Amino acid sequence: MKTAIYGIGNILMGDDGIGPAVVDYLTSNAMLDGDVTVEDLGTPSLDLPNYMTGYDRVIFIDAVAAADPPGTIRLYSREEIAATPPGIRISPHEPTINDALIVLDFAGGAPRDVVLVGVVPQTVDGGMMLSPVVAGAVPRVAAMVMDEVAKRYAA
Amino acid sequence: MIATEKRITIDPITRIEGHLRIDIEVDQGKVNKAWASSTMFRGIERILLGRDPREAWLFTQRFCGVCTTVHALASVRAVEDALNLPIPINAQYIRNLILIAHALHDHIVHFYHLSALDWVDVTQVLKADPAKASSIAESLSDWPNNSAKEMAAVKMKVKGLVDSGQLGPFAHGYWGHPAMKLPPEVNLIAVAHYLQALEYQRYANQVVAMLGGKTPHIQNVAVGGVANAINLESEAALNLDRLYSMKALLDKVVSFVQNVYVPDVCAVAGFYPDWFSYGSGVTNYLSVPDLPLDEASTKYDLPGGFIPNGDLSKFHPITGQKDPYWRKAVTEDSEHAWYKSGGPLHPWKGETDPEFTDWKEDGKYSWVKAPRFEGQAAQVGPLANVLAGYASGNPLMVKWTDAALSKISAIAKVKATPAMLHSTLGRHGARAVRTAVLSELAVKHWQLLTDNIVKGDSAIFNQPEFPKGEIEGVGFHEAPRGTLSHWVVIDNGAIKNYQAVVPTTWNASPRDSKGTSGPYEAALLGNPIADAAHPLEVLRTVHSFDPCMACAVHTFDPQGNNVAKVKVL
């Protein structure tokens, strides 16, 4: 099963860089099979469908707007992504994962299986550092991503 | 205020980077005042201070998630300019191919996936006759994927979407709006090509990935050249196999641009000829030359320069990054922007110190500074570039402009002239012309690279060396959204100042200290507004510039009460 792990977010905008940070962590620490793509996509906006086409499952890591405290991690299913677009609207990356799924559901080529590991940010102001509480969540987010990858063997 | 006056605010038009807000006052069904502003401070240039100039491009390509390559290349060009460092010709060609492939991809996406819905009514597709749509499409070009069977399949797909009660990717359109004028069959052709465009833009993006190592963040750039190993004997390097797979991808994109995108834009323009009379605004045009043809970047394939007041006879060419005319002319004014300094500053002296006030229509109202060329507001983008090409007699620009105008004339049954390009539709037409020109240059630069490699030249990199003391450089690039320039000051090998003057800053510029409006603001004046709650016409004009920011429309009544808020994607 062709799997992709994508970090979404801008590394120049504080905790918005959580997705790319988890990708860096996985690249340095995780043992992944050759058929698993791991990539920091930045804020690909309308180009997002290009990176989803041809994959059976895609695991996204992104900052999400939620009422929970900063550093909180939450898993969103494909249905939840479709129902409530969880992307932060104040951050510099709109079209959401939801928009990309809508385009691919119409055009064809959408991955069957999509999950989003969301992390609540503390600050998305300019700067290249993650806040301590979000930086501290990186290993746990990575472990959650690896659990999702492992599920493909059970599927 | 008289009773017919309304103010409309557009706050989060496209949805790429940052946020754009547009406030409009409508009187007697027309826009009579407009303000363009950005609602988000980024200040990310400050992240670069003190860093190694050789690494700046790694950070600048994060400025925008969509124009990554654009900011990477402007950055290395700026540092090379400061060092007077030429780069090997292979490196020029490889960078040129990345720039072209990115632009082909970006222009196709802009038309089909960002702005076509301003002109195309998807719900009308259900009334279309697929056989008739096919014969109209086949009368426009030889594209093989215009059969009645193809059109019928797309119509069924749209019917499925409408029957499901959700319009999927088209949910944000203004269906049934009185300003929608395309016949059902042309709407069907547009949706069929929307789907095909999704496939073809991806091929262009694959070319960027093949040369750049990966996308969206390319890995192959360096101050001094590129990092693509060239070796015809090695499977791991840039060899003939790779060059020919790239050529196969480019050929597909070239065919799509010339046989689908250009005819589609001409057809849409032909059905909306009145939109050649709205949206001109600022008719000073700025573009810079691009696609260098020699190691020191003194000769270019695409011309650039400044055109004052839309007068092509006054075209002043810019000869290159070293041209003193260009180096001295650019300033940024913060009189109406939320920064401390007010008066115009040259980018090498530029400051990025925020000073936020509320949104004040006569005071500061934007996070975007007002860039000026010789003190004047200037419009940037494909129209500026095409007009520079037309004014300078560039053969490819002239050929494709004349071809597009004659196609539009045939469909609209009015004589389309170059003067009509100063308009909302002119910007769409010019973008299609530029894409067609780039499609021919894609093949040319592929051939130049291939011939040079086959000849035995594998040089890709010249080592940069930083002198003691202070040096200044500028790197420019005619990006998909227009003139981009990165201005760097380097002191003892470290970055002392860095300013990026980006295309959307030129076009979304607020007023300056003389009170002169920027291109968006000026272009909106006089636009008709059929329905203040659904200001489709505003979107047409703003989208025609291809803004790199998200925007929404708020409509206000004369008492300042919000009548409607429309999120514009």
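Begin by selecting helix H14 of chain B, residues 536–544, which is mostly covered, with nine of its nine residues buried; a residue counts as buried if 20 or more other C-beta atoms lie within 10 Å of its own, as exposed if 12 or fewer do, and as partly exposed in between, with C-beta atoms placed from the backbone. The buried residues of H14(B) include Leu536(B), Val538(B), Arg540(B) and His543(B). Step just past the end of H14(B) and pick Asp546(B), which takes a positive phi of about 60°.

Before going on, note that this is a predicted model, in which local features need pLDDT of at least 70 and side-chain atom pairs count only at pLDDT 80 or more, while totals for chains, interfaces and linings use all residues. Residues are numbered from 1 along each chain as its sequence is written, and chains are lettered from A and ligands numbered from 1 in the order in which they are written. Helices (H or I, at least four residues) and strands (E, at least two) are DSSP runs, numbered from the N terminus.

Next, colour chain B by domain, using bounds that come from an automatic or database domain assignment: domain 1 covers 6–117 + 199–483 + 498–568, and domain 2 covers 118–198. Taken over C-alpha atoms, the centres of domain 1 and domain 2 of chain B are separated by 29 Å. Their contact takes 25 residues from domain 1 of chain B and 22 residues from domain 2 of chain B, where two residues are in contact if their C-beta atoms, placed from the backbone, lie within 7 Å. On the side of domain 1 of chain B that touches domain 2 of chain B, the elements giving two or more residues are H3, helix H6 (184–212), H7 and H14 of chain B, and the largest share, seven residues, comes from H7(B).

Now select two of these helices together, H3 (residues 89–115) and H7 (residues 240–271) of chain B, whose axes come within 12 Å and cross at roughly 30°. Axes here are lines fitted to C-alpha atoms, for helices over the stretch in contact, and angles run from 0 to 180 degrees between N-to-C directions. Show the side chains of Leu104(B), Ile108(B) and Phe111(B) on H3(B), and of Val253(B), Val257(B), Tyr261(B) and Val265(B) on H7(B), for these make the contact.

Move on to strands E13, E14 and E15 of chain B, which form an open sheet in that order with antiparallel pairing; two strands pair if DSSP finds at least two bridges between them. The edge strands, each pairing on one side only, are E13 (470–479) and E15 (494–501) of chain B. Strand E14 (residues 482–491) of chain B pairs with E15(B) over seven bridges in the antiparallel sense, and Ser485(B) has Val501(B) in E15(B) as its bridge partner.

Finally, switch to chain A, whose secondary structure comes to six helices and five strands, and in which buried residues make up 53% of the 155 residues. Find Ser28(A) in helix H1 (residues 18–29) of chain A; Ser28(A) is exposed because 8 other C-beta atoms lie within 10 Å.
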